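Please look over the sequence and the three-dimensional structure shown below before reading on. The paragraphs after them lead from a whole chain down to single residues.

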Amino acid sequence: MKKQNRSAFRKKDIDAIYQLIQHKFYRLPLYQSLVTAGFPSPAEDEIDDTLDLNELLIKHPAATFFLKVSGSSMINAGIHDGDILIVDRSIEPAHGKIVIAALNGELTVKRLHLEKNRVQLVAENSAYPPIEVREGMDLHIWGVVTSVIHTV
Amino acid sequence: MKKYYILVDCNNFYASCERLFCPRLEKRAIVVLSNNDGCVVARSQEAKQLGIKMGEPYFKIKDLCERLKIVVCSSNYQLYGDLSQRVMRILIGIAEEIQIYSIDEAFLTFPDQMPLKEIFGHCIEVRRLIKKWVGIPVSIGIAPTKTLAKAAGAMAKKNPQGVFCIASRAVHETVLKDFPVGDVWGIGSRFQNRLHALGIRTAWDFQKQDPSAVRKSMGVVGERMLWELRGRSCLPLEKAQPKKSICCSRSFGNVITELDDLAEALSTYVNTACIKVREQHCCAQAICVFAEAIIDSQTGLRQHDSKTASLLAPTNDTSQIITAAKSCLAAIFQKEKRYKKCGIILLDLLPEANVMPDLFLQPLSSKRKRLAEVYDHLNARFGKRTLFYGAMGVNPHWKMRSEQGSGHYTTSWDGLAVAKA
């Protein structure tokens, strides 16, 4: 059983390496043009940028962490079991944001509801009732979820 | 305008790192063990209060930890290194100059014209920012010298604000009169005992001494400490300098008796050292291989053997250095010895650009250089041992013990912390 696991892991690694090599060789420039003899393309000088997902998804590298989702209470927000969350701790938690909360010693992802004198952690799945946050409860907001990486 | 030094020090750093992804460890006593779960290298405040000492061998406190429900963690340097980098990155962003002093400490300065009040305000904000962004609590000491900033940092740890400033005469005197001389930065136990014998107990007593007399008995280092304590700066921020030598060694999880196993372990450390030397674009001109065998397990007595060899030409090529290291190892290896540790030191490092090609030797081909680049790149990206040299062994059983390690939450896709949904 163990052996099987290991070889499965290796296969995954090898695939990942192939992907990297491909990535290295076929990095997509923002503009691409075929050079034809005699007529240099006017876009030629513009090929200096490639798209970097980090730039799009991570605004504060020092404050950004990745977490893995376990469970289906946030399914209606598009957060599935096994997805990877991008969490930015520099963002202030506010009403309506999806947050990571440290609740009773565990990290949990829920939508934060702040109303007059009332704090709730709300699931996005009718099977899970909202969690009412009361005084003296062991809770703090760990970070704010900015994106979810979902493999389709 | 006076110049101020600011010391930023992470509180109980390793324990704080362990807590970040495990909120259930909040307010619990935590100890972190050294490599191979040997002895205590870090403690949370709660563990300190329970009387756990730094450096204590784990087997001695194992029962106590179980009884008092102290959380025991193997060290997780990937995690600590990553969080340290995040803290330092924030500091680099706000400081005028910075000296990263250790994994959890940095000295910095702000622009000269900045008034003390503004510096203090900045420090409060920086402390809040690091706690919020990275999740690590820090304390900050501000003073006209680095030595005093260290003392201020120690005061800050006891201060709920987390920031402490030694600037006014009155504060300077009050703090130093209460500050044990042995806790002054740079005064080790050796100086402490000598000073105690002379009746010098506090930092205040020490700085009152005659500088030239201190110079005679403690050398220029001692005299500098004295001036620094008086408030005259003698120790500027130091720029990071490339290392002159690189060492990599570890203790084994179990005793090794076979040369082949020892060679596998050594090759693994050579590999690590070579990656480091390539990172700083240097070549080694010589190597030193050493091994430690247990002579007497009761007293812990060990035999230490080493061999130094110069390399034919300066190199940072892993396979060349593995070959050289293995022949050194063969020279010092003794049958029936019980080896517990080995390692390599790359010596006389030379910047790659300064390497003179040898007329009679084949220069490192560009193919081999390219190989090293790809090797380093893949291992950095996909984790250690994505590619590795056969000499490092396929299934090393001499590997370090790390029985209660936390995940590589920030450095491996397989190690991410879980958020319950």
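The explanation that follows begins with conventions and then turns to the structure.

This is a predicted model, in which local features need pLDDT of at least 70 and side-chain atom pairs count only at pLDDT 80 or more, while totals for chains, interfaces and linings use all residues. Residues are numbered from 1 along each chain as its sequence is written, chains are lettered from A and ligands numbered from 1 in the order in which they are written, and side-chain values use heavy atoms, with hydrogens and water left out.

Chain B contains 13 helices and 14 strands; these are DSSP runs numbered from the N terminus, with at least four residues of H or I for a helix and at least two of E for a strand. The radius of gyration of chain B, taken over C-alpha atoms, is 24 Å. Along its principal axes, the C-alpha trace of chain B spans about 65 × 55 × 50 Å. Its accessible surface comes to about 21,800 Å², computed by the Shrake-Rupley method with a 1.4 Å probe, and 53% of that surface belongs to carbon and sulfur atoms. Of the 421 residues of chain B, 46% count as buried, where buried means under 20% relative accessible area, exposed means over 50%, and partly exposed lies in between (1.4 Å probe, protein chains only).

One open sheet of chain B has 3 strands in the order β3-β2-β4, with mixed pairing. Two strands pair if DSSP finds at least two bridges between them. Strands β3 (40-43) and β4 (71-74) of chain B stand at the edges with a single partner strand each, so one side of each lacks a neighbour in the sheet. Strands of a sheet pair through backbone hydrogen bonds, either parallel or antiparallel. In chain B, β2 (residues 30-33) and β4 run parallel and are joined by 4 bridges. Within this pair, B:V31 has B:V72 as its bridge partner, and B:L33 has B:S74. Both faces of β4(B) are covered, with B:V71 and B:C73 buried on one side and B:V72 and B:S74 buried on the other. Helix α1 (residues 13-20) of chain B lies across β2, β3 and β4 of chain B, at about 110° to β2(B); such angles run from 0 to 180 degrees between N-to-C directions of axes fitted to C-alpha atoms, for helices over the stretch in contact.

What of the interior? A nonpolar core is a set of buried Ala, Val, Leu, Ile, Met, Phe, Trp, Tyr and Cys residues joined through side-chain atoms within 4.5 Å. The largest such core has 61 residues, and A:L67, A:I100 and A:V109 have the most contacts inside it. Helix α4 (residues 77-94) of chain B gives the most to this core, with 7 residues. Apart from it lies another core of 36 residues, including B:L266 and B:Y389.

Finally, two single residues may be considered. A:I131 is found in strand β6 (residues 131-133) of chain A and, at 23% relative accessibility, counts as partly exposed. Beyond its neighbours within four places in sequence, A:I131 is in contact (heavy atoms within 4.5 Å) with residues including A:L103 and A:M137. B:M155 belongs to helix α6 (residues 146-158) of chain B and touches B:F164 and B:V175, not counting residues up to four places away in sequence.

Definitions and conventions:
The radius of gyration is taken over C-alpha atoms; the globule rule is 2.2 Å times the number of residues to the power 0.38.
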